[in-house]
Amino acid sequence: MDHIIETKDLSIYFDQKKILDKINIKIKENKITAIIGPSGCGKSTFIKSLNKMVHEEKNATIDGEILLHGKNINGMEKEIVREKIGMVFQNPMPFPLSIYDNMIYAPIYYGIKDKEKLGNIVKQKLIIAGLYDEVKNNMKMQATKLSGGQQQRLCIARALTVEPEILLLDEPCSALDVKNTANIEEMLKKLSHQYTIVIVTHNLAQAKRIAQYTAFILNGEIIEYDETKKLFENPQDERTKQYIEGIFG
Ligand SMILES: Nc1ncnc2c1ncn2[C@@H]1O[C@H](COP(=O)(O)OP(=O)(O)OP(=O)(O)O)[C@@H](O)[C@H]1O
C-alpha cells in the first residue's frame, strides 16, 4: 500500500449546503500532495476533515469514509488522529508563550515529562525547521515577537514535536515574502522524505516546485488528481486546463 490516507465518497455539508461531493483520493505516503482550486471550492474543508477538525463543527455533516492506514478515523479519538496528523495554518499562530514553551506544549500534553527528553525534542525539531541557530540563545523570548517567517517555521517545528506521520498545511506561505517562502519550501521538500505532506496552495508555481502529486478541486469535486507534472503539462480535463492557464479562479 503506497498510500497513507484514503477517502471514500467523502461528502461534507455545512448546514444543508454541500461543500465537498464524493471525494475519492489516495494520498501517497512520504510525498508532497498539493491541493489547488479556486477560492471557496472546499480545499480547507477537505484538509481539515483529515484530522477531524471539521468533525468539531456543530453544523457539519460528514458522509463517507476517511481511512488512515486503512482504518476509519471515525472510530479514533481526535487526540490520536492529531498525534498522527499535524496541522499548520495560513497565519502563523504561536501560542502567547515563550519559544521553548510553544515547543514543549504538545509533548507534555501527550505525556512526556523528562526534561532532557523535552530539551532534545525542542532542539531536534527546531534544527529540522531551520530555526535553531536563530533562536537558540533566546528560547525564553515570547514566540509572538519572532518575525512572520520565523513564526511559521516555529509552527511547523511545533507540529513535528509529537512525531506525526502526516503534516497538513493550509496555505502556509501566503503571508510570507519570497525568501521566507523559499525557506519553507526547501524545508518541506526535506521533510517529505520522512513525513507525508498535504499542502493547500493558491500558488500554482509553488505546487509545481514542491509537490509530486496535485489534486484540483472545483465546486467541492475533485476534477483531476495526478502526478503534478502530468496535471500541469497534460491536464485531462478542460476545467483543469482553464484553471492552470488562469482563465478562472
Ligand atoms: N464552519 C463553516 N460553516 C459554514 N460554512 C462553512 C464553514 N467552513 C467553511 N464553510 C464554507 O465552505 C465553503 C468552502 O470553504 P473552504 O474554506 O473549504 O474553501 P477554500 O477552497 O479553502 O477557500 P479559500 O481558498 O478561499 O481559503 C465556503 O463556501 C465556506 O464559506
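Me: What should I know about the model before I start?
Reply: The model is predicted, so to speak of local features a pLDDT of at least 70 is needed, side-chain atom pairs count only at pLDDT 80 or more, and totals for chains, interfaces and linings use all residues. Residues are numbered from 1 along each chain as its sequence is written.

Me: Which strands make up the open sheet of 6 strands, and in what order?
Reply: The order is β6-β7-β8-β3-β9-β10, with mixed pairing. Strands (E, at least two residues) and helices (H or I, at least four) are DSSP runs, numbered from the N terminus. Two strands pair if DSSP finds at least two bridges between them.

Me: Which strands stand at the edges?
Reply: β6 (85–88) and β10 (221–227) do; each has a single partner strand, so one side of each lacks a neighbour in the sheet. From one strand to the next, the twist averages 15 degrees.

Me: Is β3 buried or exposed?
Reply: Of the 5 residues of β3 (residues 32–36), 5 are buried, so the strand is largely enclosed by the rest of the structure. Buried means 20 or more other C-beta atoms within 10 Å of the residue's own, exposed means 12 or fewer, and partly exposed is in between, with C-beta atoms placed from the backbone.

Me: Which residues are on each side of it?
Reply: I32, A34 and I36 lie on one side of β3, with T33 and I35 on the other, and both faces are covered.

Me: How does β3 pair with β8 and β9?
Reply: β3 pairs with β8 (residues 196–200) in the parallel sense over 4 bridges, and T33 stands opposite V198 there. β3 also runs parallel to β9 (residues 213–218), joined by 4 bridges, with A34 and T214 as bridge partners.

Me: And how do β9 and β10 pair?
Reply: They pair in the antiparallel sense over 6 bridges. Y213 stands opposite E227 in β10.

Me: Change of topic. What is the order in the open sheet of 4 strands?
Reply: That order is β2-β1-β4-β5, with antiparallel pairing. β2 (17–28) and β5 (71–72) are at the edges with a single partner strand each, so one side of each has no neighbour in the sheet. Between β1 (residues 3–14) and β2 there are 8 bridges, and L10 has I23 as its bridge partner.

Me: What surrounds the ligand?
Reply: The residues are F14, I19, G37, S39, G40, C41, G42, K43, S44, T45, E57 and N59. Near here means a C-beta atom, placed from the backbone, within 6 Å. Helix α1 (residues 43–50) gives the largest share, 3 residues.

Me: How many of the shell are nonpolar, polar or charged?
Reply: The shell has 3 nonpolar, 7 polar and 2 charged residues. Ala, Val, Leu, Ile, Met, Phe, Trp, Tyr, Cys and Pro count as nonpolar, Asp, Glu, Lys and Arg as charged, and the others, Gly among them, as polar.

Me: Where does E163 lie, and what is its phi?
Reply: E163 lies in the loop between α6 and β7 (166–170). Its phi is positive, about 55 degrees, although E163 is not a glycine. Most residues other than glycine have a negative phi.

Me: How many other C-beta atoms lie within 10 Å of E163?
Reply: There are 14, so E163 is partly exposed.

Note on methods
Axes fitted to C-alpha atoms, helices over the stretch in contact; angles between N-to-C directions.
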